[in-house]
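Work through the exercises below with the structure in view. Each task is followed by a solution in steps.

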Amino acid sequence: MSKRPIAIEIDVQSEAGIPKSFNWKNRWYSVQQVLMFWVEVGPWWKSTTEFADSDGAEITWRIWRIEAKSESGAVIADIAFRDSLTSSSAYPWRLIRVFD
Amino acid sequence: MEFIHLHVASNYSIRYGANHPPDLVEAALLAEQPALAVTDRDGLFGAIKFVQAAVAAGVKPILGLELPLLDTQSLRTATPRFGGETRDLNPARVLILGKGRNGFTALNRLASATAEIGGITPAVLQEIIEITEAEVALLIGQNSDVGRAFGAGKLSQAAGLLNTWRNSGARVYGELVSHQSRDVRSTPNSNSSNFRINYSTSAAARLWKFFETNQIPAVLTNAVRYVDRKNAKTIDILDATRRLVTVSEKSVDRVNAEGYLKSADEMWQVLNEISYTAGCDIAAASQVWQNTNQLGMEFVIDPAEDLGIGKVFVPELDVILQSKPTARYELAWNRPKSKYRDDETIKAEAVQADAVLRSRCEAVMGSPRFSTGLTETEVRERLEAELSVISKLGFASYFLTVAEVVNLSKARGIRVAARGSGAGSYVNHLLGISALNPLNHGLVMERFLSPLRSSLPDIDIDVESHRRLEIYEAVLDRFGTDRVAAVSMMDTYRVRHAIRDVGKALAMPAAEIGIIAKAFPRVRARDIRRTLTDLPELAGSGLGALHKNGKLNHFIELVESLDALPRNVAMHPCGVLLSDSSLLDRTPVQSSGAEIPMSHFDKDDVETMGFLKLDILGIRMQSAMSHAVSEIARTAGVQVELDELDLADTETFKLIQSTKTLGCFQIESPGQRELVGKFAPSTFNDIIIDISLFRPGPIKSDMITPFLNAKHGWNPPEYLHPRLVSILQETSGVVVFHEQVIKLVAEITGCSLAEADEVRRSLGDRDKHREVRGWFYPAGIRNGFDIDVVDEIWAILRAFGSFGFCKAHAGAFALPTYQSAWLKTHYPAAFYAGILTHDPGMYPKRLILQDARHFQVPIAPIDVNESVAEYVVEEIDGVLGLRLPLSELKGISFDEVNSIIESAPFRSINDLWERSEISKTTLERLVLVGALDEVHGINPHNPRAGRPTRRDLLVHASDLEKFRSRKVLLDEMLFVDELPVQPISTGLAELNKTEILQAELDLLGMDVSSHVLESFEPLLKILNVTRANQLLERRNNSEIFVVGVKVATQMPPIRSGKRVIFLTLDDSTGPLDVAFFEDTQGVFSSQLFNSWLLLVRGVTRRTGPRGISIRGTGCWDLNQVREIYEAVADVDFHSDQLAGIEAVNQFIQTPMDFAEPTQHSRKLWHTSPGSPG
C-alpha cells in the first residue's frame, strides 16, 4: 500500500459535513465507511500564505480517511475540507491522499 | 444543552495560556455556560481576578490548579538556562479542583507545595487533604503519570499509579479530552521532556475504556488554552518561549486549533465521536456529560463564604498587643490549618480593639507634643468622630497593627513618615504613624477613611531607603510567616519584550531583533501599529515602510497577541501584607528571593481578599536626613527631633524664599526653584500649596497665575460667596485641594463630608458628571445658594475636581521638604553629609558639592586617616566642613573600604600597604586624589623642596607592589625581607592643577579641590560672560552669554507636543537654567547633549522680583571655544585679546556641522524626561 499525496480540488457530495461521495478523474466514488477523522492546521510559521487566509487567519483542515467504491474498484483515500474562519472557497474539498 | 468547562488555563498560567480571565468569562457567558473553571498551572495568580470577573458577569466560578508531579526518579523541575531563564521540562500533571472554603485552602497549600518542593505527589496531596479536611476532585488525564504510562502501553503501571491517587483521599475522575487530532501513538520510552500529548478521539476512547475497567467515573473537558480558534497561534509563541526554542513542529503542543472554549453543542459532538470510537452507547456518553456538569455545579465557589471576600483579615488583637516575636517557618504548605474565627469572635475582639485604640489616643492627646490651635471640645469632637467611624468599620485592629509596624521601625532607629491621605487622620497622628497634626492644617479624615467605603484604607509609609528590608525583617519577626507575606506583581508583555519573544520564536537573528525592539518606545504591545505610523522616527524608517506595505502584518499580529500577558512574577517593590493566622489558608506563598515569602496575589487581589496591605517605600531623603541628624549628634552633641520641629522658623523660610534650595526635598528642581521664587512661601501651609501647585494638572490649566496674583495682592481674591471664604481663604480663592472640593460640596449641598468625598471621586469620571450635576443643583439651591453661585461652583468643580491634589498627601510631602530645608539652614555641613551620602535628588554630586561651597561649607579631600565609608562632618580651619568618604573613590571595593577604616590610622604609605588589604590600583588612586597628602606632608599647591610629591608616592606604590609579589617567594625560603624604605623626594614635579582636577573628575566624578571653571576664569572675563550671581542685574530681554558645567538636561512632555529642553548649568557662582525651544534645538542639540562644558547664548526674561529665565539661542563646547581663542591669542597677554575675541565670534557664527564635541568618560550630569516646568 503506497501513499500518494496529491491535494487536488474535487467535487464532493456531503451530508451534515460528512462526505458521502466524490468525483475523482471523472469518476464518482461513493463513501462506504469513515475509517478515521481528524483536524489539522498547517505550520503557519513556514509560510504565511499557504496555511492562512489573505488576512492571516489560520486555515483548518477537516480530514476524513474513507473507504470508497466506484465501478472500477475500491480505494482508501483522505479527503479534506478547508475550513476558514474568514473566507469561503468555491472548492473547499481536496483529495489529499490515495492508498491503493 | 449546558456544558461546564473544568479544565481551562488563563494567561496566569505563565507563558502557557493565551487569554485574560475576563475574556474567558465572557466567552462562557456568550455560550450560555452556567459555570466556568479556571485551572491555571502552578499557582493561583489569576484566581481572584477570575472570580471577580465571573461574579460580575453572572457566571459561577470554579477554582482549580493544574500541577506538576514531582518526578521522584529524577527530581527534576524547571531548570535555569540562558542566564537564569527557566526552561519548561514538561512534567506530567494532574488537575485538582477545590470545593468550598476547605477546598480553597487545599488549593492554596497545593500551590505553596508546588513552589516549595517543585511539584506534588499522591502523598503530598493526601497530607494536604488531611490538614485542610478538604474535598477535592482529582482529574486524571492524558498528561498525568497514569495517562502517560497508559499511552506508552504500560497498562499495569498505569493501573498501579491510579491506585496510589485513589488512596490519597481525593475524588478521582478520568478526564477525556479530544481535540480531534490525528492519532499518533507515543513510544514506550518517551520521557518527560519529549512526551507529546495525543488529544485524538481514539486516544480518548482508549483511555475511557481503561477508566471503565478501573471503575473510575469519566468527565469531559477540552483542555482549553485559548478562547477562540483565532488565538491559537499565540500559544505556539508561548510554547516556544517557555521551552526556549524556535517555533517548529517539535516545539508546539497543538496540531490544530480545537483546544478553545467550545460551545456545549461542539462538546457534545466531540463526546459523540469519542463514544462512537470507543463503541459505547448513548447512555454511557450521557453519563460522562452528567458527571462533568454535576462536578462543576458542586464545586462552584462562593466568593464571600469560601474566599472571605468582603471581610477584613488583620492580625489578632492578642498578637498585636503581645510584644514577643512570632515563630517563622521554613515551609508553608504543611502548616496546620488555622482555626476559623467566626463573626462573634471577631466582633468581640473588635470591641476590645476599639477600647485599646481609644485609650492609646487619649493617653497622649493632652501632651504638648500634640497641641493644636483648636479648643479642647473641637479636638475631642474630631477624635470621637474618627473613633466612631473606625469602630463602625471594625478597623481598630488595623490602626493598631500599622502603629505597631511604625513602632518596630522607630525602635530600630529607622525614620518613618506616613505619606498619602493617611496624614489626614488625627488618630494616625496620635498613634505616631503620621508626624503632621491634621488639625493644624485643615486636613479631613474623610479623604482617607470614609464610613461609606468598607475597604481597608491605604497607609503608605516612607522609610529610610537603605534600611527598608530591615523593616520587612522586623515585621516578619514580630508577626511571623503565618501572618506576613510580600505582595507580588505580574511583569507583563509590553511592546519591546513582545517583539523580542516573537522574534526569537520565529528564529530572527538576535541582532536584528534587538535593533527593532529598541527602536520602539516603552509602549503597550497592542499599540505597536499606532506607534509605527505615529512616531516620526519609526514611520520614516525601513520598518515603517514595511508596515505601510503590509509586510509586517503577521509579525505585528503576533506581537499584539502577547499584549499584557504575564511574563514573570516578581515581588512588588514595596507592598507587604499582614493577615490573621489564616494567611496560608487564603493565599499561596512562594520564595521571593529575599527573606520574605511572597503571596501569589497582587496589590488589587490583596485588597479584594481583605488583607492589610502596607506600602513601605524606601525614600533616600529619609536616609539622608537620618544621617544628617546622627552627624549633628556626633559633632554638636545635639539630638534633633525632626518630627517635632517648630514649623514656623523664619530662618528656614528665608532660605526657601532665596531659592537656594538645592538638595531640599521636592523644591530643588529648576521649575520648583522658579515657582518658589515667585511664590515666596512664608508658612508651612504655603509649602503644602506650593507642592500641590507644582503638578501637571495645575500647570497645564494655569491655576498658578491667578493664585499668585491673588496671593501677592495684585488681584483681589474671588470667593464667590461669603459662606465659602473660610474654605478658600488659605489658597486665595483658588481651588487647589481635594479637601477643599470636599468641603465646598458639603457646604453648598449640606451633605456630609463622607458623601462629599464620594461626589469628589465621581468628578474624576466624566460619564458621571450629568448624574452628579442633577443632584448638585437642586441641593445647592435648597441649601440657600443662588443659581449663579451654584453654577460657578459647578464649573469649578467640573474643571478642577480632577486636577486637585490631596492636601494630606501634599502635607505629608511638605514635612520632609521643611525638615530638609531646616537642616540646610541650621546645620548645613550635616545636611550635605546626608545628601551626598544617600544622593536622594536629581543633581549630580559635584553640583551639590559646589552648593556646599556657596554655603561656606569647606570640602576636605579623601584622607586615609580621616575618611570613612560615608560623608562626615569635620572641622576644617575652624569651620564645620565635609570629609569625602573612601567609598567615592572609583573602583574601591566594600572590603577595601572596611579594611582601611579598621586599620587606620596609618603612619605612612608603607604602613597602609602593609596593614590594609587594598589593591595596587586602589593605592595609586588614593595617592592621585591626595588621600596620602596629609600622611606624607604633601601640599601640591605649595610643593617644598626635599619633600616627596604625589608623583614620588606613585613610583613608590609600584615598588611596594613589586615587593608584595616577591614576598611570597621569600617567605617560602624563610628569608625575612624588609619593605622598601619610605618614599623620598626624587625631584619629580608635583601634579599641576589641571592634572589634579582631571584625576578628581576621573576618579571621584567631581571636582573637589577647585571648580572646573577656575582655569577658564581669564577667558570668561574677556568674553564678558554673565555669571549666575549677576543674572538678576541683567535687564529684561537682553542678549547674554553664560557658561557652566552641564548639570542636568530635562525634556518634559509639553501639551503642544513640541519638545523643550531644559538645561541646568553650574558656573561656580550658582545654578543657571536655560530653556531651548524647538527652533534652536536642531542646530545645537548635539552640543547640548554631548558636551559637558558649555558656552550658551541666550535672551533674558524677567518673571518676578527674584525670577529671571533664559531662552537659549545658541550653545557651544567651551573647551573648543578656548582652543580657538588660544590658537590666536594668549589669555595672559592682553595685546592679542581682540584677535582672540574675533576668532571666537567667527566660530560662534559659523554653522555647527563641523563641531565635534569633546566627550567625558564619567557621568557628570543627569538626563531625564523630567516633570513639566
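Helices (H or I, at least four residues) and strands (E, at least two) are DSSP runs, numbered from the N terminus. The model is predicted.

**Exercise 1. Chain A**

Task: State how many helices and strands there are in chain A, and how much of the chain is buried.

Solution. 
Step 1. Chain A has 0 helices and 7 strands. Read from the N terminus, its elements therefore run β-β-β-β-β-β-β.
Step 2. Of the 100 residues in chain A, 48% are buried.
Step 3. Take the contacts in chain A between residues at least 6 apart in sequence: 49% of them join residues at least 24 apart.

**Exercise 2. A loop residue of chain A**

Task: Find where Ala57(A) is located and decide whether Ala57(A) is buried or exposed.

Solution. 
Step 1. Ala57(A) sits in the loop between β4 and β5 of chain A.
Step 2. Its relative accessible area is 16%. Buried means under 20%, so Ala57(A) counts as buried.
Step 3. Ser72(A) is 15 residues from Ala57(A) along the chain, and 40 Å separate their C-alpha atoms.

**Exercise 3. The interface of chain A and chain B**

Task: Describe the contact between the two chains by its residues, its buried area and its salt bridges.

Solution. 
Step 1. Chain A contributes 20 residues to the contact and chain B contributes 24 residues.
Step 2. About 1800 Å² is buried between chain A and chain B, with 56% of it on carbon and sulfur atoms.
Step 3. There are 2 salt bridges between the chains. One of them joins the side chains of Arg254(B) and Glu58(A), at 2.7 Å from N to O.
Step 4. On the side of chain A that touches chain B, the elements giving two or more residues are β4 (27–41) and β5 (59–70) of chain A. The largest share of that side, 6 residues, is from β4(A).

**Exercise 4. Helix α6 of chain B**

Task: Which residues of α6(B) are buried, and what do they pack against?

Solution. 
Step 1. Helix α6 of chain B covers residues 155–166, 12 residues in total. From first C-alpha to last, the helix reaches 16 Å, close to the 16 Å expected at 1.5 Å a residue.
Step 2. The buried residues of α6(B) are Ala158(B), Ala159(B), Leu162(B) and Trp165(B). They lie on the same side of α6(B) because they cover an arc of only 115° around the axis.
Step 3. These buried residues pack against several elements of chain B, including β5 (93–99), α4 (122–132) and α7 (201–213).

Technical notes: Residues numbered from 1 in each chain as written. Chains lettered and ligands numbered in written order. Predicted model: local features only at pLDDT ≥ 70, side-chain atom pairs only at ≥ 80, totals over all residues. Heavy atoms only, no water. Expected span 1.5 Å × (residues − 1). Buried < 20%, exposed > 50% of the residue type's maximum accessible area, 1.4 Å probe, protein only. Arc of directions from axis to C-beta. Contact = heavy atoms within 4.5 Å. Buried area = accessible area lost by both parts, 1.4 Å probe. Salt bridge = Lys/Arg side-chain N within 4 Å of Asp/Glu carboxyl O.
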